[in-house]
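Thanks for making time this morning.

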Amino acid sequence: GAVASNSVKREIGRRIVERIVERTQSGIDKDNDKFKGYAKSYKKSLAFKVYGKSNKVNLTLTGAMLSSVSVVGVGATTVKIGFNSEDQFKKAEGHIDGTGAHNALPVRDFWGLPLEDTQEIIKSVIRDSNNEDLLSALDTETIPDGES
């Protein structure tokens, strides 16, 4: 089959990152559900007031965690998305699965996209790159559900 260039793969990754960040900042998790709300005690805290938080949970206190999400590598048939900061990765782990440095956080899993969103992004990047060989290969082959 046809092979995507690294620039096409990086653009796919960039658009996936963009979609994850935009969705997260609108208060929606990877399953398209609203994030679990803030605890009453946190809403009454000084930190809540100092950071100018609202009742909408969007995992954006300073913006550092979400801005550290990036394309960290490409392989022959893969695009790897991760964090360009170990500290921000550890913070994200607390949100994603309740582990890591911030394991006291409620689980608010923002990591990943539904398969159909990923497929739509891949097809749009290939269309934008005007690569008919790749596009026809996509129409006849299934896109595997890759790891995040």
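**Salt bridges, a hairpin and a pocket**

Let me start with Arg14, which forms a salt bridge with Glu18, the closest N and O atoms lying 3.2 Å apart. Please keep in mind throughout that this is a predicted model. Both Arg14 and Glu18 belong to helix α1, where they sit four residues apart, about one turn of the helix. Glu18 is partly exposed, with a relative accessible area of 36%, and Arg14, at 39% relative accessibility, also counts as partly exposed.

Glu11 and Arg14 are three residues apart in helix α1, so about one helical turn separates them. At 22% relative accessibility, Glu11 is counted as partly exposed.

Now, which side chain meets that of Arg15 in a salt bridge? The partner is Asp128, at 2.8 Å from N to O. Since Arg15 lies in helix α1 and Asp128 in helix α6, residues 115–128, this pair ties together parts that are 113 residues apart in sequence. Asp128 is exposed, with a relative accessible area of 51%. Taken together, Glu11, Arg14, Arg15, Glu18 and Asp128 are linked in a network of salt bridges, and a search of the whole structure finds seven salt bridges.

Let me turn to the strands. Strand β1, residues 69–74, and strand β2, residues 79–83, pair in the antiparallel sense over five bridges, and a hairpin of four residues joins β1 to β2. Within this pairing, Ser70 stands opposite Gly82 in β2.

Asn32, in the loop between α1 and α2, has a phi near 65 degrees, which is a positive value in a residue other than glycine. Leu59, in the loop between α3 and α4, likewise has a positive phi, about 55 degrees, although it is not a glycine. Asn32 counts as partly exposed at 47% relative accessibility, whereas Leu59 is buried, with a relative accessible area of 11%.

Finally, the second largest pocket holds about 420 Å³ of space. Its lining is made up of 20 residues, and those nearest its centre are Tyr42, Leu61, His95, Leu105 and Arg108. Helix α4 gives the most to this lining, with three residues, and by class the lining has 11 nonpolar, six polar and three charged residues.

Technical notes:
Residues are numbered from 1 along each chain as its sequence is written. This is a predicted model: local features need pLDDT of at least 70, side-chain atom pairs count only at pLDDT 80 or more; totals for chains, interfaces and linings use all residues. Side-chain values use heavy atoms; hydrogens and water are left out. On a 1 Å grid over the protein atoms alone, a cavity is a set of points where a 1.4 Å probe fits but cannot get out, and a pocket is an open set with protein on both sides within 12 Å along at least five of seven lines; lining residues have an atom within 4 Å of a point. Grid points are joined across faces, edges and corners, and a volume is the space filled by probe spheres set on the points. Helices (H or I, at least four residues) and strands (E, at least two) are DSSP runs, numbered from the N terminus. Ala, Val, Leu, Ile, Met, Phe, Trp, Tyr, Cys and Pro count as nonpolar, Asp, Glu, Lys and Arg as charged, and the others, Gly among them, as polar. Buried means under 20% relative accessible area, exposed over 50%, partly exposed in between (1.4 Å probe, protein chains only). Two strands pair if DSSP finds at least two bridges between them. A salt bridge is a side-chain nitrogen of Lys or Arg within 4 Å of a carboxyl oxygen of Asp or Glu.
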